[in-house]
Amino acid sequence: IIHRMALRLRVRRATQVVLVCCNGERVLKGAQMKNVVVYESERDQGLSIVVDEGGKIAAVGYDSDVDARFAGAQYEKEIDASGCSVVPGLVDAHTHPVWTGDRVHEFAMKLAGATYMDIHAMGGGIHFTVDCVRRSSEEELLSSLCGRLWGMVECGTTVVEAKSGYGLNLEGEVKMLRVLERGRREHPITISSTYCGAHAVPKGSTMEAAVQDVLEVQIPHLASLCSSGELCVDNIDVFCEKNVFDIEATRKILKAGQKLGWKVNFHGDELHPTNSAELGAELQAHAVSHLEHISDEGMVAMAQVGCVGVLLPTTAYILRLRPPPARKMIERGMAVALGTDFNPNAYCMSMPLVMHLACILLHMTMAEALVASTINSAAALGVSDRYGSLEVGKMGDFLILNTSKWEHLVYKLGCHGEVIRFVVKGGRVIHPR
């Protein structure tokens, strides 16, 4: 086949290419998470990847096979990946990246013994950040967001879920979603945008009043902005928790978003058992996050409908919580994904660090952690048809690692800068810039 148009990228001579999966799987559940598909070079044969002019993967295979198939092809860029391993771009399934004002003072309070809900009750936590966000301009929020998105890219993230939820009123939530919309246009990372107006009960309000405001004011206004093309909301989220939003309030809000075509993807069973996993299964949610207190029945229900459990080991680590029972979830047949939970309470944007913590704290294997950070985290966002594995026809998002074994990305704690040589997005190198 002779390609007259210049193809976007040719990677040659790689030692190892980790496809993750190769039969068009959209999610890997339970025991399927134990094995990842890996191509290894032969003694005289390296591995190649070709990305076409539209940014999609056109071929993965031995150099000689790709040379024959693409004889005479021109490439915008070629990379010699001798001695390198290639893995899919990482997908961070849960973040809160739009905010100003740090909460380092609260970290000191936690170290002295204060709990998350103690700080929340004192008007700190989410409430502190809400005050900062309400005072900030769209430009200030966008500037901080873009800096963080570049930080995520440096850690190997090419797709990120990003929430609102620090406005808690119409004006603040719209401002945050506008910032995410601008981030989508101005930054190469792929953003899955989540409306989380029910992240907390606003100061001085009640749960009932907050639910009414979300259902009768915020969601109808957002629906009109989405239908006019000003905003694009992909997912809807609620913090389902004791003394925040109860199960009935959560169900009402999630169903209202579902009617608009927004994917259900919410916080549940984090600090207390709330039957959130069962609700996720009932609503056929794409995902439920946290799940430190998931019930056995919830695990079975989520496994049956294919609802993904997004686990956030940074949160359990920072708040000294009981970690979510990842091993049990996998044994019950659930699909497990990972996210950084990047926010002012858990300031971590590194998916490789999260994968390491998942192995140590959640007793996951390195293969399970990689699956959970690629195909399964893409599935949690409903984008695993395009992202999460290195298969022909999917987007050319991948990391070229300075090592012949991909496991170094997980093994080398906090050393992603040493391990990641290039971050490629749609066939274009976006890091180093």
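# A guided tour of the predicted model

Residues are numbered from 1 along each chain as its sequence is written, and side-chain values use heavy atoms, with hydrogens and water left out.

**The whole chain.** Display the protein as a cartoon to see 17 helices and 18 strands. These are DSSP runs numbered from the N terminus (helices: H or I, at least four residues; strands: E, at least two). Buried residues make up 60% of the 433 residues. Buried means under 20% relative accessible area, exposed over 50%, and partly exposed in between (1.4 Å probe, protein chains only).

**Arg 13 and Asp 80.** Select these two residues next. They form a salt bridge, with the closest N and O atoms 3.4 Å apart; the term denotes a side-chain nitrogen of Lys or Arg within 4 Å of a carboxyl oxygen of Asp or Glu. Arg 13 lies in strand β1 (residues 7-14) and Asp 80 in strand β6 (residues 75-80), so the pair ties together parts that are 67 residues apart in sequence. Arg 13 is partly exposed at 42% relative accessible area, and Asp 80 is partly exposed at 36%.

**Lys 34 and Glu 368.** Move on to this salt bridge, where the closest N and O atoms are 3.6 Å apart. Lys 34 is partly exposed at 43% relative accessibility, but Glu 368 is buried at 0%.

**Arg 103 and Glu 106.** The side chains of this pair meet in a salt bridge of 3.0 Å, N to O. Glu 106 is buried at 3% relative accessible area, and Arg 103 is buried at 4%.

**The cysteines.** Finally, select Cys 226 and Cys 240. The structure holds zero disulfides (pairs of cysteine sulfur atoms within 2.5 Å). The sulfur of Cys 226 has its closest cysteine sulfur in Cys 232, 6.5 Å away and therefore too far for a bond. For Cys 240, the closest cysteine sulfur is in Cys 196, at 12 Å, which is also too far for a bond. Cys 226 is partly exposed at 22% relative accessible area, whereas Cys 240 is buried at 1%.

Conventions:
Predicted model: local features only at pLDDT ≥ 70, side-chain atom pairs only at ≥ 80, totals over all residues.
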